[in-house]
Amino acid sequence: MWRAGCVLTVRLTRRGGTRLCSSNPTKPSSSSSSSSSSQSLKRPKAEKQRRRRERDDAILSGQHRVSRKKASGEGNCSKLKTKNLPFPSAYSPDYVESSWYQWWEREGFFRPERHSLPQAVDQTFSLCIPPPNVTGTLHLGHALTVAVEDALVRWRRMQGYRVLWVPGCDHAGIATQDFSREEFLQEIWKWKNEKGDEIYQQLRRMGASLDWSRACFTLDPSFSRAVTEAFVRLSDSGLIYRSEALVNWSCALESAISDIEVDSQELCGQTMLSVPGYDNKVEFGTMVTFAYPLDGHDGEVCVSTTRPETMLGDVAVAVHPDDPRYQAHHGKQLRHPFTDRLLPVITDRTVDMQLGTGAVKVTPAHDHADFLLSQRHSLPRLTVISGDGTMSSPCGHWLQGVKRFDARQQVVDALMERKLFRGKKSHAMTLPVCSRSGDVIEPLLKKQWFVRCEQMAQKAVQAVEEGELEIIPHSYDKTWKSWLSNISDWCVSRQLWWGHQIPAYRVQLPDSTDTQQEELWVCGRSEDEARQRAAVKYGVKQEDVALTQDPDVLDTWFSSGLFPLAMLGWPDKTPDLQRFYPNSILETGSDLVFFWVARMVMLGAELTGQLPFRQVLLHSMVRDKHGRKMSKSLGNVIDPLDVIHGVSLERLEEKINEGNLDPRERLVAMEAQRRDFPGGIPQCGTDALRFALCSYRMQGEAISLSVSQVLSCRHFCNKMWQTLRFTLGVLENNTTPVGTLEETSPVSSVDRWICSRLYSTVLQVEQAFEAYELHTVTSALHSFWLHSLCDVYMECVKPLLAQQGGGSQGEDRVRAKQAAVSVLYHCVSSSLALLSPFMPFITEELWQRLQPFRGGASAQSSLSLQTYPRSEQLAHWVFPEEERDFMMVQEVIREARSLRAQCGLTKEKPDMWAVCSPSQAQVLLHFESAVQTLSRISSLHIYCPGYTDDPSLSASAAPPPAGSLVGVVDHTCQLHLHVQSGVNIDKQTLQLSQRRDKLILKLEEILNRVRSPDYQTKVPAHVRLLMQTKVSALQQELKTLEEQLRVLQETQRTKNRS
């Protein structure tokens, strides 16, 4: 299904397998921990360092590794993670991702039978993974599919759904006939049994929580029975028939191939291309014009073609009936110069008078448009190119057996000899190329099996129009209708040996010969059933029937199209089929919407009477950082395991050299690698890769993945790691048990703010998950952890957590501290649960470390089965006023830090005045502790001009001292930092001037809009009011800046005079 884009031969069975994840964890880094951890502990610094050295020594000596392995081997998670086990000082993907998956799988956490959880709901969630080729390996497109689907699966599982995610492999289309059929199949099955599990191991390495007990292979006996059943049922209902028609033929494979396996190569004009089986490059992108002489009359008709070798198969010349150039030739005949056949001149309104000469050579056996034209005009069909790509006997002895593109030049030379050649010119064209062999597709007339699609396609269109099937994004609805409304019948015959042999049998009746008898065929689930059917159909005895099974196999898309029902045991009415069919959703790449998704919909609905799934979620294509499609032909494919484990530039270059690239393409690919990865690809880990992939907008433009983005997510993993080090340090020194989430009530203003921020984040995550906007989920979680939890809350509570208290004031501090500890614990624990669907390894590792400190009832043994945080659980943590007000506080803190940076302050904590409105003063007083801590000031003074007697402003102070460093938060709030060492007036003046200039530009832009002629009539009143408010605010801020600049200038003049 995930097409590898290459042809596997039996010789590949001798190659080594893909590098897999080691089950042994490597030694973690022993680098220093962050300062945040040390600030949280009350014990002396020397004692902390001693304990840290002991932990690191234990890790380096391998003691922790032995304990971890032993615990994992016993499947006992409670022994695996306790607070007494060493916690490495730095994050290491190898350490974290080494053994969790084995434990998850062994414990059966991914099986729906294990999902009878406390949070269980009476709903199922089922889907299948797009089955990768058993002969292939993962690339980043597969990694995106796994990351997205596993995030959805883990999310629903934690919500209490009974989840089934079925893994499977497609048998792919392996083409090689170096052996007899029996020998070939024997070798392929041997290879599959020895090496076919590698793709499954790669999926495990990606953390995919698939139910491996239900894994299926499209050639398994049960699946093969489903394929046979589907073919027979469709044949019995008249939806499968045998006919002679044009198919996409690969001469290199000597087989018909599906539409999805045909790549369109755009040529701007004359181009020399390499073609399999030819020593020299072949010319394409030229238009040859030659003449057919009129028979019995003077004159000629000139035709143009990009494929002159096919003129041996011409049976007519078509012109438009209204073309004045050929009015006199209607109904006349032309003489073929090489075969002496007579070709009628026919008229057809589909002929483009502007293309070429306006006269079209008709070759029904080698051109799709000509084939349709031959049906309308009852023309014969003459095949002149054989299945192996050589010219056939009707061409004459001079061309018989010559390869088609060698014959091309011979035909042109012969036309020149007969003085019928009229020229050649460069011509833009689209060249169909076989994606598996690189061969140029040859349309050939073959007797094949076809599926009638029109009726099934209409039902598929109707399902979307009536809302039974939802395609996300909805922009594909029109394309879905357009494509299915113009669908052709589907050729399902493939001239290969590896696959499902077509369950159709050629019938030989008594006293009949091949030359006398029309082909007689029957279908059957077995040869015995086919014989019974033939006897009944043709009125003979069973023993008189001779059967020969069609040697062809079915298109792999036929079996893949049955995956949603065959994986559940269809055609038997199994418990799985009754419980999990239809599937809940189908998630896949947008490039497969028609060739796989549409066929699943058509086959599933026809065979079961139900759509195979209710929703289709399509993600965009993954491209490289330059926006190019990742392709083996470009040498820019990135192996996700290289991103997970890291890889050197030398190894990347070796991979390119191992490929089959054109020398020039190889040079381009290697140069791109040296530019993009000069030091190779650093180790990022599975969690970072998954999180990065889900951070892109799935339903937008193509995803241009940058390894630097993945590396940034790896740094985020380290931030999470250090957060847990800090949290565990706090919990270890806490003498009071942590309360449950329901029991925890925030005390301080910043407690209330972080609690409300967590609620808002959970609410946003819920809505985004339901809309399948995973990029919104990851953005919200990343922002909460980094910017709310780490940058603000943890920094605010560090002084409190480090305090020791006594007396009445001590009791208040103890209460506040205990509340902060509980809030910190639940924020971290909830965040780990929220992140778990995207980063299963690190979240499991860190969550297990928190469990010894958990309050209340015992949790599930694994985070993967925990309840996913819900907004209603946090209803008592909703404080919208704190969230709203703290936005202004953060602007104050940001400006205060900017002022500190201007004068180079590091350790000094000056006093700060906030000159602001009464409402702003109330907010700043409410969050005074946070302002002081995060702004790194010794005290905060509030000054409200004109409101000094307001009793509600108990902290009102005198105006700020002259000479303070001034910063503007907005038009009603300014900060004055009183720096003892003085103010750099020039630097301060420059900064305020720059800000003033920006505000002037912004104000002028708004005023130009407001002063436009149609502003009053076209702009709604509420928008005009908003714009006027903005103008007033900007004007006030400019006035304040001008005043500050005036004061600075006066100060500078006074300083100069002195």
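**Entry 1: V451**

I started at V451, which touches L239, I240, M456, D489, W490, V492 and F558, leaving out residues up to four places away in sequence. I took contact as heavy atoms within 4.5 Å. The model is predicted, so I kept in mind that local features need pLDDT of at least 70, that side-chain atom pairs count only at pLDDT 80 or more, and that totals for chains, interfaces and linings use all residues. Residues are numbered from 1 along each chain as its sequence is written, and side-chain values use heavy atoms, with hydrogens and water left out.

I placed V451 in strand β18, residues 442-451. Helices (H or I, at least four residues) and strands (E, at least two) are DSSP runs, numbered from the N terminus. V451 counts as buried because its relative accessibility is 0%. Buried means under 20% relative accessible area, exposed over 50%, and partly exposed in between, with a 1.4 Å probe and protein chains only. I also looked up S488: it is 37 residues from V451 in sequence, and the C-alpha atoms are 9.2 Å apart.

**Entry 2: the whole chain**

I noted 34 helices and 33 strands in the chain. Of its 1058 residues, 55% are buried. Among contacts with a separation of 6 or more, 77% join residues 24 or more positions apart.

**Entry 3: G285 and the sheet beside it in sequence**

I found G285 in the loop between β9 (282-284) and β10. G285 is buried, at 2% relative accessible area. Beyond four places in sequence, G285 touches L267, G269, Q270, K425, S426, H427 and M429. L431 is 146 residues from G285 in sequence, yet 8.5 Å away in space, C-alpha to C-alpha.

I then followed β10 into an open sheet of three strands, ordered β11-β10-β16 with antiparallel pairing. Two strands pair if DSSP finds at least two bridges between them. β11 (300-305) and β16 (421-426) are the edge strands; each has a single partner, so one side of each lacks a neighbour in the sheet. Direction ignored, neighbouring strands here are turned by 20 degrees against each other on average. β10 (residues 286-293) pairs with β11 over six bridges, in the antiparallel sense. I checked P293 and found its bridge partner in β11 to be E300.

**Entry 4: Q673**

I located Q673 in helix α22, residues 663-676. Q673 counts as buried because its relative accessibility is 8%.

I looked up the axes of α29 (residues 880-902) and α31 (residues 928-935): they come within 9 Å and cross at roughly 30 degrees. That makes α29 roughly parallel to α31; angles under 35 degrees count as roughly parallel, over 145 as roughly antiparallel, 65 to 115 as roughly perpendicular and the rest as oblique. From α29, F886, V889, V892, I893, A896, R897 and R900 meet A930, V931, L934 and S935 of α31. I sorted the residues of this contact into eight nonpolar, one polar and two charged.

I ended at α30 (residues 918-926), where P918, Q920, A921, V923 and L924 are buried. Their cover includes α29, α31, β30 (911-915), β31 (939-943), β32 (965-970) and β33 (973-978).

Conventions
Axes fitted to C-alpha atoms, helices over the stretch in contact; angles between N-to-C directions. Nonpolar A, V, L, I, M, F, W, Y, C, P; charged D, E, K, R; others polar.
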